[in-house]
Amino acid sequence: MKFVELARVYEKLEATSSYNSMRDILAKFLKAAGKDELRVVCYLTLGRIAPHFADVNLGMAEKMVLRGIADAGNVQDSSVLADYKRIGDLGEAAERYASAKPQLSVKEVFDGLHSIAEIGGSGSQEKKVKLLSSLLQRSSSIEARYLVRIALGDLRLGAGDKTVLDALAIAYTGSKEARSVLEHAFMICPDIGKIAELLVKKGLKAVENVNIEVGIPIQMMLCQRVESLDELKKRTGFPVTVEQKYDGERIQAHRLGRKVVLYSRRLENITSQFPDIVSAVEKLPVKTAVIEGEVVAVDAKGNVLPFQVVMQRRRKYDVAEYVRRVPVSLRVFDVLFLNGRDLIRTEYEKRYALLRKIIKKGKSVELAESTLCNDVKCAEDFFQDIVQEGGEGIVIKSLSGEYQAGVRGWNWIKWKPEYVAGLRDTFDLVVIGAFYGRGRRAGKYGALLCAAYDDKADQFVSFCKLGTGFTDELLDELPEKLRKVDHKPARVEAKGILPDVWIQPELVVEVGGAEITKSPTHALGFALRFPRFLRFREKKPEQATSVREIKKML
Ligand code: AMP
């Protein structure tokens, strides 16, 4: 397939705002893609060259891409820069310098981009620029536009994972009904390219039966919440396992022979941050396994320290020093795969029995504190003990429950002291924009525009302007944490209050608030009153509080 065909579809998608039309355009195109190219086409349509978790980055900053365009067009950087400033989009600026006849194949582009990603070491910037330039030299204007946007990691077609899964369902099964099968498979194997390939080569049944592959992260199960512990009678029934809810960082550890990989809740590879956990997992008496737990910081006696302490371990540099300074322990609570056996559909009681056999109390790893309860009173007593010792709360787990990958299911229920007081849970919102500060905050961002996730439309919908609860240090950190873009990002809905700067919807913040009121100033139609920043969350934007959940709270 020619890359120009893909570029033309991108152009159509870009001009479409309706979700259904977008899905249908894509479905038609995916059907036309050859069996062997479908995987690549799926990644590229999502603006990537590998699945999210694969940690493959082109490593090209805006300046480098600009130099690539200038090199290909044989002009000065300043000339491209002037166009960029005038047009406001580097992709469109690149169009002006590209005049080749369409000749690139999808595969050539994909391989070329992979080669750019693989270049490292000294002189790598120059080599990356040259490679991009050589692709651009062989591009027509429309191809150059999208090539540059992919290189920048900003394709902005408005098609997210969900749109592609929906389109695949229509393209290869003829109906939307298969969507739930594909979505479920994507929870167990969050690699769209792989799922697409399985669907086209082996059919829907194979997708339905997709199994865990050690090394590929599974989207993590989340907890539901109840109004009172009495509700357990109808939700889980008794007996249940009641566990301490640790306030740290969720880790999914994959062990394949001697190799260990750690994933965060956002499915990022965080192996290098925790060499101490890696070596503990290396020693477990297993051949292959996927286990999950919460990593917490501990003092010399093994007591759990607050969340802020373990956060110091989230770093790229000085890792060895921080391993010494901030000892951690993984409190394990689940096993999803063991010695060749996929346990995702096995009930919790059996999974837990297996877990007990492989996890013995050690310095860096041990089982989460838990007890078996036959009634509400027992859960209540355990909760009181945990909270008195400074714990965050409890998680109640159905003994017969499967692991519901990527789902906030009823097999896990969380209970925290705030709920007892009848207070609402906090909101996990996605940052979609920022406002420049005034007065003491001049020169920095002073407030953020935050959105909830609409899982039906696969969009981020504005819900509140957040300006309270930030310390000066946090405000200093914000520009580094937020990826600024010069246009409203794809999949973002905002009206009324619009930000000074748009931000890629990537960062999730936990926000407290007083109440939800009707409001025309946000796209959701409701606003959170008196929002207050609590902390950054390690969640994917699609795991933020959903519009549906907010509407249920009204
Ligand atoms: P929340 O983020 O409030 O929805 O709570 C769910 C999170 O609690 C999970 O993603 C885990 O990171 C964390 N957690 C801590 N302890 C446990 C536990 N024993 N079982 C399950 N999740 C736990």
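Phe-530 is exposed, with a relative accessible area of 57%, where exposed means over 50% relative accessible area, buried under 20% and partly exposed in between, computed with a 1.4 Å probe on protein chains only. The model is a predicted one, in which local features need pLDDT of at least 70 and side-chain atom pairs count only at pLDDT 80 or more, while totals for chains, interfaces and linings use all residues. Residues are numbered from 1 along each chain as its sequence is written, and side-chain values use heavy atoms, with hydrogens and water left out.

**Overall fold**

- The protein chain holds 22 helices and 21 strands, these being DSSP runs numbered from the N terminus, with helices (H or I) of at least four residues and strands (E) of at least two.
- The radius of gyration of the protein chain is 24 Å, close to the 24 Å that the globule rule gives for 554 residues, so the chain is as compact as a globular protein of that length; the radius is taken over C-alpha atoms, and the rule is 2.2 Å times the number of residues to the power 0.38.
- Along its principal axes, the C-alpha trace of the protein chain spans about 75 × 60 × 50 Å, and buried residues make up 55% of the 554 residues.
- Of the contacts in the protein chain with a separation of 6 or more, 71% are between residues 24 or more positions apart, contact meaning heavy atoms within 4.5 Å.

**The five-stranded sheet**

- An open sheet of mixed pairing is formed by 5 strands in the order S1-S11-S10-S2-S9, two strands being paired if DSSP finds at least two bridges between them.
- S1 and strand S9 (370-373) stand at the edges, each with a single partner strand, so one side of each is left without a neighbour in the sheet.
- From one strand to the next, the twist averages 40°, with axes being lines fitted to C-alpha atoms (for helices over the stretch in contact) and angles running from 0 to 180 degrees between N-to-C directions.
- Strand S1 (residues 222-225) and S11 run parallel and are joined by 4 bridges, and Cys-223 stands opposite Gly-409 in S11.
- Strand S10 (residues 393-398) and S11 run antiparallel, also joined by 4 bridges, and the partner of Ile-396 in S11 is Ile-413.
- Strand S2 (residues 240-245) pairs with S10 in the antiparallel sense over 6 bridges, with Gly-393 in S10 as the bridge partner of Lys-245.
- In strand S11 (residues 408-415), 6 of the 8 residues are buried, so the strand is largely enclosed by the rest of the structure.

**Helices on the sheet**

- Helix H18 (residues 348-358) lies across S2, S9 and S10 and runs at about 60° to S2.
- Helix H19 (residues 376-388) packs on the sheet, where it touches S2, S9, S10 and S11, and its direction makes about 145° with that of S10.

**The H7 and H8 pair**

- The axes of helix H7 (residues 106-118) and helix H8 (residues 124-137) come within 9 Å and cross at roughly 170°.
- H7 and H8 are therefore roughly antiparallel to each other, on a scale where angles under 35 degrees count as roughly parallel, over 145 as roughly antiparallel, 65 to 115 as roughly perpendicular and the rest as oblique.
- Glu-108, Val-109, Gly-112, Leu-113, Ser-115, Ile-116 and Ala-117 of H7 make the contact with Lys-128, Leu-131, Leu-132 and Leu-135 of H8.
- By class, this contact of H7 with H8 has 7 nonpolar, 2 polar and 2 charged residues, with Ala, Val, Leu, Ile, Met, Phe, Trp, Tyr, Cys and Pro counted as nonpolar, Asp, Glu, Lys and Arg as charged, and the others, Gly among them, as polar.
- Lys-127 lies in helix H8 and, at 46% relative accessibility, counts as partly exposed.
- Leaving aside neighbours within four places in sequence, Lys-127 is in contact with Ile-119 and Ser-122, while the C-alpha atoms of Lys-127 and Ile-116, 11 residues apart along the chain, are separated by 7.9 Å.

**Backbone features in loops**

- Phe-530 lies in the loop between strand S20 (526-528) and strand S21 (532-537), and its phi is near 50°, a positive value in a residue other than glycine.
- Asp-55, in the loop between helix H3 (38-45) and helix H4 (62-73), has phi near 65°, a positive value in a residue other than glycine, and at 51% relative accessibility Asp-55 counts as exposed.
- The peptide bond from Phe-238 to Pro-239 is cis, with omega near 0°, and Pro-239 has its place in the loop between helix H14 (232-235) and S2.
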